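Take a look at the charged side chains in the model below.

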Amino acid sequence: MWNKFTILLSVSIALAACTGTRAALNYRVSSRLSPIIAPYLAGKRIVGGFVIDISDVPYQVSLQYNHQHHCGGSILNRRWILTAAHCIDPHTALKPTVRIGSSEHASGGAVMNIARIVPHPGHSANTNNYDIALLELESALTFSDKVQPVALPEQDEPIEEGTMGIVSGWGLTLSESDSNAVLRATNVPIVDQQECNKAYHSYGGVTGQMFCAGFKQGGTGTCSNDSGGPFVAEGKLIGVVSWSHKCALAGYPGVYARVASAREWIRASSGV
């Protein structure tokens, strides 16, 4: 599958007006961006989402480089975090950390060091297939009402079209009035796989290791700096925020790494 042109949405809960310039600065765009993609229109409004407390999504973590929020992630057990493979920067000597147990990415909770990073061996930077990585913590977590693991699906467990899920993160809000300093979330439905593949045909389509979620009219979804974050439906972590075209744009649902397609690898690599 050629040229994902991946706008790897280190991805956020998109909420209100922003110029295309600001949005463009926050995308990780592949070096082979399609010339048919128009610039994001200034003044375009993206609406939807809400502030949420970490106790409502206690599995959510902030993956950070040099004390700066970079991506989201999910607690699997006392030692392991799941995030997106593209969130890991192989070209820096800096070791990432994760902040747990806080509704704010810059304060509160606890900051945990990472002992080992295990990207999925099938991850492709060109197609963004298997966009999943495991992070092993140096020390075990202490669970509380703000720090809890999330359940996982079984290998190849099916995902039903129309199922509503909650996605959360600290990424770009696309609004000067809505701060991304605090955790935000939105609810979006899972989209028919064939429809999503058609929508992203010019990007090479989506694979069986991905699924899509969002409303046809757009208006609520994910954006920059939410990549790696959780998509939870029916109490299970079924998706990892991965990529999309723009932020919550009509006709372009968010694309997520399908956790069920990597369930056995997760178990073999982490024991979870």
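A salt bridge here is a side-chain nitrogen of Lys or Arg within 4 Å of a carboxyl oxygen of Asp or Glu. The model is predicted. By that cut-off, the structure holds four salt bridges. Side chains of opposite charge can pair when their charged atoms come close.

Start with Arg116 and Glu136. Their closest N and O atoms are 2.9 Å apart, and the two residues form a salt bridge. Arg116 sits in strand E8 (residues 110-119) and Glu136 in strand E9, so this pair ties together parts that are 20 residues apart in sequence. Arg116 is partly exposed, with a relative accessible area of 40%.

Now move to helix H3, which spans residues 263-270. Arg267 lies in this helix, and so does Glu264. Three residues separate the two, about one turn of the helix. Their side chains meet in a salt bridge, at 2.8 Å from N to O. Glu264 has 40% relative accessibility and therefore counts as partly exposed. Arg267 also counts as partly exposed, at 28%.

Arg267 has another partner. Its side chain meets that of Glu154 in a salt bridge, with 3.7 Å from N to O. This pair links distant parts of the chain: Glu154 lies in the loop between E9 and E10, Arg267 in helix H3, 113 residues apart. Glu154 is partly exposed too, with a relative accessible area of 44%.

What do Glu154, Glu264 and Arg267 form together? They are linked in a network of salt bridges. Arg267 takes part in the bridge to Glu264 and in the bridge to Glu154.

Turn next to charges outside such pairs. Which residues gather in a patch of negative charge on the surface? They are Glu160, Glu161, Glu195 and Glu234. Members of a patch have no salt bridge and over 30% relative accessible area. Glu160 has a relative accessible area of 54%. Exposed means over 50%, so Glu160 counts as exposed. Glu160 is found in the loop between strand E9 (133-137) and strand E10 (164-169).

Glu154, in the loop between E9 and E10, pairs with Arg267 in a salt bridge. Glu160, in the loop between strand E9 and strand E10, belongs to the negative patch.

Notes
Residues numbered from 1 in each chain as written. Predicted model: local features only at pLDDT ≥ 70, side-chain atom pairs only at ≥ 80, totals over all residues. Heavy atoms only, no water. Patch = residues over 30% accessible without salt bridge, like charges linked within 9 Å, V, L, I, M, F, W, Y side chains within 5 Å. Areas by Shrake-Rupley, 256 points an atom, 1.4 Å probe, with all protein chains shown as cover. Lys, Arg positive; Asp, Glu negative; His and termini not counted. Charge placed at Lys NZ, Arg CZ, Asp CG, Glu CD. Helix = DSSP H or I, 4+ residues; strand = E, 2+ residues; numbered from the N terminus. Buried < 20%, exposed > 50% of the residue type's maximum accessible area, 1.4 Å probe, protein only.
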